[in-house]
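Today I am looking up aromatic rings and the charges placed over them. My notes follow.

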Amino acid sequence: MNKSDFNTDSNIISKKLRKFRRKNQLSQEELAAQMQLLGVDISQPLISKIERNQRFVKDYELVCFCRVLHISERELLSDFYKKYPD
C-alpha cells in the first residue's frame, strides 16, 4: 500500500479548518451540508477525519472549504507557509 504523508500529516489544513469552521459558527454537519451545495460529496464523519488529520484533502475540496468559510486558500494553508516561507 502506498501512503503519502507530509511530515507524518495526512493533510496540512486540519487545525486551520477547525479554527475557521468554528469562527464561522458552523458545526461539522453544517459545513458538510454547505459543501454538498457546491457539489462536493462529503459528510460530517469525513470532515471529522480531516480535522483529526486522518484523511487527505482533495484540491477541489480545499477550494470549496475556502468558499464556504469565506477565506483564501493561502489563509487555510498558512501553517505550511509559516513553516516554508516563500
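I started with Tyr 84. Tyr 84 is partly exposed, at a relative accessible area of 35%. I note that the model is a predicted one.

Next I searched the whole structure for aromatic pairs and got 2. I took Phe 80 with Tyr 81 and found an edge-to-face pair. Their centres lie 5.5 Å apart, with 80° between the planes. I then checked Phe 80 against Tyr 84. Here the centres are 5.3 Å apart and the planes stand at 40°.

I asked myself which residues form one aromatic cluster. Phe 80, Tyr 81 and Tyr 84 do.

Phe 80 has a relative accessible area of 27%, so I list Phe 80 as partly exposed. Tyr 81 comes out at 25% relative accessibility, and I list Tyr 81 as partly exposed too. Buried would need a value under 20%.

Then I looked for charges over rings. Which residue has its charged end over the ring of Tyr 81? I found Arg 74 there, 3.7 Å from the ring centre. Tyr 81 also pairs edge-to-face with Phe 80.

My last entry concerns Phe 20. Lys 19 lies over the face of this ring, and I noted 5.1 Å to the ring centre.

Methods: Residues numbered from 1 in each chain as written. Predicted model: local features only at pLDDT ≥ 70, side-chain atom pairs only at ≥ 80, totals over all residues. Heavy atoms only, no water. Phe/Tyr/Trp six-rings, centres within 6.5 Å; stacked < 30°, edge-to-face > 60°. Buried < 20%, exposed > 50% of the residue type's maximum accessible area, 1.4 Å probe, protein only. Lys NZ or Arg CZ within 6 Å of the ring centre and 35° of its normal.
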